[in-house]
Amino acid sequence: MTERVNNFPPMPKFLRIKPCFYQNVDEEIPQPHQQIVRRVYKLWMLYSITLCVNLVSCIAWVAGGGSAVNLGLGLLWLVLFSPCGYTCWFRPLYKAFRADSSFNFMAFFFIFFLQCVLAFIQTLGINNWGACGWIATVMFFSTNVGSGVVMLFSALLFTVVTVLMGLVLIRIHRLYRGGGGSLQRAQEEWSTGVWKNAPVREAGFNAIAETGPSLPQYPASVPSYPENRPW
């Protein structure tokens, strides 16, 4: 097997900017957990799309007579939270399932909980927050119906994303606790430095390159998280 090359985010070959991460769910994630990792990845994509729709709604908001502050903040949320969502909560979850890292699980729970709170605030739609949620949309219908209709799409998407994020947080927490995970394990990883020692946590993956093409070999410490309940 050749050396793994970063493949995410995909970039055109003519650009000098290269991908920052290597992502291959089939190769790196144990088979029982591949589906949930893919679903969280799709949830990140849905949230990024929602931020794009929100930006369009903010344009309609300003065009209908709203404050330009909302457009500026809507653009800021898209530029900031779309890449940060991938690096700050999807990647920790990816690494947590890849190498059975309690530290990464805890990082995911903490950051993703804050993400859920933020998504809920965006769903509310407080004025001058750059999010076309329900409060802003309903109140603006009396000012400009056309803009209100466009803003409604953003409010609906924020609602769907918030509900899905809450379900994902509960689901993954149950999987983690059912597999024997705990805060104590995360503290032990932090104190021993194992959480940042990739060669130790992922020795099974390095063995693949030495033995040639074969089925992926996952670390022996990966627990069997229960999957007996429907998604």
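Which residues do ring pairs link into a cluster? Ring pairs join Phe8, Phe21, Tyr41, Trp44, Tyr86, Phe90 and Tyr94 in this way, where rings of Phe, Tyr and Trp (its six-membered ring) pair if their centres lie within 6.5 Å, planes under 30 degrees apart counting as stacked, over 60 as edge-to-face and the rest as tilted. This is a predicted model, in which local features need pLDDT of at least 70 and side-chain atom pairs count only at pLDDT 80 or more, while totals for chains, interfaces and linings use all residues. Residues are numbered from 1 along each chain as its sequence is written, and side-chain values use heavy atoms, with hydrogens and water left out.

The structure holds 18 aromatic pairs. In one of them, the ring centres of Phe97 and Phe105 lie 5.2 Å apart with the planes at 80 degrees, so the pair is edge-to-face; Phe97 and Phe105 are buried (under 20% relative accessible area, against over 50% for exposed and in between for partly exposed, with a 1.4 Å probe and protein chains only). Phe109 and Tyr176 also make an edge-to-face pair, with 5.7 Å from centre to centre and 65 degrees between the planes. Because Phe109 belongs to helix H4 and Tyr176 to helix H6, this pair ties together parts that are 67 residues apart in sequence, helices being DSSP runs of H or I with at least four residues, numbered from the N terminus. Phe109 and Tyr176 are both buried.

Helix H6 spans residues 145-178 and includes Leu169, which is buried with a relative accessible area of 17%. When neighbours within four places in sequence are left aside, Leu169 is in contact (heavy atoms within 4.5 Å) with Phe109, Phe112, Phe113 and Cys116.

Not counting residues up to four places away in sequence, Met165 touches Leu43, Tyr47, Trp89, Phe112, Gln115, Cys116 and Ala119.

Some backbone features complete the picture. A cis peptide bond joins Phe8 and Pro9, with omega of about -5 degrees, and Pro9 lies in the segment before helix H1 (25-28). Asp100, in the loop between H3 and H4, has a positive phi of about 50 degrees although it is not a glycine, and Asp100 is buried with a relative accessible area of 4%. Asn128, in the loop between H4 and helix H5 (134-140), likewise is not a glycine and has a positive phi of about 65 degrees, but at 36% relative accessibility Asn128 counts as partly exposed.

Technical notes:
Helices (H or I, at least four residues) and strands (E, at least two) are DSSP runs, numbered from the N terminus.
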